[in-house]
Amino acid sequence: MSIFKDNYEKILASLGKDIALVAVSKTKTVSDIQALYDLGHRDFGENYVQELVEKQERLPHDIRWHFIGHLQSNKVKYIAPFVHLIHGVDSLKLLKEIDKQAAKNQRKISCLLQVHIATEETKFGLSEVELKEFIEQINQEKSIGALQFVKVSGLMGMASFTDEKEKVREEFRHLKSMFDNAKINLVDNSFSCLSMGMSADYQIAIEEGTNMVRIGSLIFGER
Ligand SMILES: *Cc1c(COP(=O)(O)O)cnc(C)c1O
């Protein structure tokens with residue numbers, strides 16, 4: 001078995017019962033995932049649609065699959081029948097497509113809005129201003145009866161890739177404050193999930209109030 005059981009158990013202990021662990025299994029094999037499943041784990045995160053679909057077919061169907069990568073609108077249909085939580089929603093266009101595909105599958109799909117908190121350049125994630133506008137748009141859509149098949153359940157963010165702990169802490173703190181604000185302003189009572197923290201920085205994320213961490217390499221080894 002090529003998973004790090006000791007690390008896994010240590011992580012679980014430090015999270016306690018109020019912080020969820022998404023085991024990030026991208027690029028890892030079905031048997032690695034099965035090994036963690038056999039220890040009782042049920043939440044797994046994947047970044048690529050095709051890889052996720054293939055693994056979902058081959059693994060037990062009570063796994064809760066988290067899509068944590070960048071999702072293109074034209075691929076939503078492949079994961080809509082089974083996905084548990086989509087972490088990276090950053091446009092109304094994508095949210096509307098998820099709503100449409102959820103309706104087709106007669107289910108509700110939970111989504112997190114992705115916020116860009118790192119200083120690194122990336123195309124993905126909303127700025128603070130964009131997040132505010134997005135939340136107003138979602139409220140408006142919901143008020144006219146649209147977006148009935150998506151639950152906007154929280155926020156997701158990634159801190160800068162750096163050894164400067166204080167910088168990471170500031171970024172997480174900022175995300176937590178946006179989360180607290182959004183919780184007040186969004187008319188969706190399922191809003192409760194803050195997905196922040198990875199292998200290198202989850203301990204800081206815990207200190208800054210995360211309630212869901214996404215951890216890959218500490219559990220499955222380097223990719
Ligand atoms: C790969 C990935 C992770 C896990 O990263 P590790 O450093 O291996 O823990 C978490 N979140 C996202 C969005 C990822 O792409």
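Guide: Start with R223, where an N or O atom of the side chain is 2.8 Å from an oxygen atom of the ligand, a polar contact being a pair of N or O atoms within 3.5 Å. This is a predicted model, in which local features need pLDDT of at least 70 and side-chain atom pairs count only at pLDDT 80 or more, while totals for chains, interfaces and linings use all residues. Residues are numbered from 1 along each chain as its sequence is written, and side-chain values use heavy atoms, with hydrogens and water left out.

Visitor: Which atoms of S199 and S217 face the ligand's oxygen atoms?

Guide: In S199 a polar side-chain atom lies 2.6 Å from a ligand oxygen, whereas S217 places a backbone N or O atom 2.8 Å from a ligand oxygen. On its own the ligand has 390 Å² of accessible area (Shrake-Rupley, 1.4 Å probe), of which the protein covers 91%.

Visitor: How many residues are around the ligand?

Guide: There are 13 (a heavy atom within 4 Å), and K26, S199, G216, S217 and R223 come nearest. The shell divides into six nonpolar, four polar and three charged residues, with Gly counted as polar.

Visitor: And how are aromatic pairs described?

Guide: By the distance of the ring centres and the angle of the planes. The structure holds two such pairs (centres within 6.5 Å; planes under 30 degrees stacked, over 60 edge-to-face, the rest tilted). F44 and W65 have ring centres 6.0 Å apart and planes at 45°, so this pair is tilted. F44 belongs to strand 2 (residues 43–46) and W65 to strand 3 (residues 64–67), so the pair links distant parts of the chain, 21 residues apart, strands being DSSP E runs of at least two residues, numbered from the N terminus.

Terms used. Polar contact = N/O pair within 3.5 Å; in protein donor to acceptor, adjacent residues only side chain to side chain. Helix = DSSP H or I, 4+ residues; strand = E, 2+ residues; numbered from the N terminus.
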